[in-house]
Amino acid sequence: MSGLNRGIIQKYRLLLLNLILCFICLNGCKNGLVNPVRLPDAGRETAKNLWQQSEATQLFEGIDLCDYINGAGELFLQHGFERLKVYRYASPEFQHPIVVERYEMKNRIGAKTIYDTLKSTTGNPVALGEDGCLDQNFIDCYQAHYYLKVYTFNPNNPGTSETLVKFAQDELDKIFKKEK
């Protein structure tokens, strides 16, 4: 198969992954609210910084990842996927939830490879972890053996980018505070 065909197939796989993730998130946000999370104010009104986990944390290990991202799990498994934790948060200020996906890989190379493969080609660099990329409604970043994706489906809400960055930084802080 030529390099061009492989590139086209890879782009379709990424598109399929994003569509699957959108479907999962939209269907998974119907439960009540639990576990309040307060992010740093950074000059914004307190009400906009109060988010609550909208459903129980989902955990996927090994081949079970394919139950969550049907069709794209192979990419992660090929690069040393170990486990995924998915958190969904809701706020009265946002119409759509924020989803935090924390992928734990066997090593840094696997996390970096996934990041390099899935990061936005139209996004902007953001100072998160070892490398980060912010697009309209999502952030991809990695640090050590973790790949992190934080997204929402309402990029037009004021403060969306700042909120996504706060969620990503908060998650990285939780991971590495625990490991110290």
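In the predicted model, Leu84 stands opposite Tyr103 of strand β5. This position belongs to the antiparallel pairing of β4 with β5 (residues 98–105), which are joined by eight bridges. Strand β4 (residues 81–90) also pairs in the antiparallel sense with strand β2 (residues 50–53), here over two bridges; within this pairing, Gln52 is found opposite Ala90 of β4. Strand β3 (residues 58–61) likewise runs antiparallel to β4 and is joined to it by four bridges, with Val86 of β4 as the bridge partner of Gln58.

Aromatic pairs in the model number 11. In one of them, the ring centres of Trp51 and Phe167 are 5.4 Å apart and the planes stand at 90 degrees, so the arrangement is edge-to-face. Because Trp51 belongs to strand β2 and Phe167 to helix α5 (residues 160–179), this pair ties together parts separated by 116 residues in sequence. Trp51 and Phe167 are both buried. A further aromatic pair, Phe60 with Tyr68, is tilted, with a centre-to-centre distance of 5.0 Å and an angle of 35 degrees between the planes. Phe60 has a relative accessibility of 12% and therefore counts as buried; Tyr68, with a relative accessible area of 3%, is buried as well.

Trp51 and Phe167 also belong, together with Tyr87 and Tyr89, to one aromatic cluster. Within this cluster, the ring of Tyr87 has the charged end of Lys174 sitting over it, at 5.2 Å from the ring centre.

Note on methods. Residues are numbered from 1 along each chain as its sequence is written. This is a predicted model: local features need pLDDT of at least 70, side-chain atom pairs count only at pLDDT 80 or more; totals for chains, interfaces and linings use all residues. Side-chain values use heavy atoms; hydrogens and water are left out. Two strands pair if DSSP finds at least two bridges between them. Rings of Phe, Tyr and Trp (its six-membered ring) pair if their centres lie within 6.5 Å; planes under 30 degrees apart count as stacked, over 60 as edge-to-face and the rest as tilted. Buried means under 20% relative accessible area, exposed over 50%, partly exposed in between (1.4 Å probe, protein chains only). A charge sits over a ring if NZ of Lys or CZ of Arg is within 6 Å of the ring centre and within 35 degrees of the ring normal.
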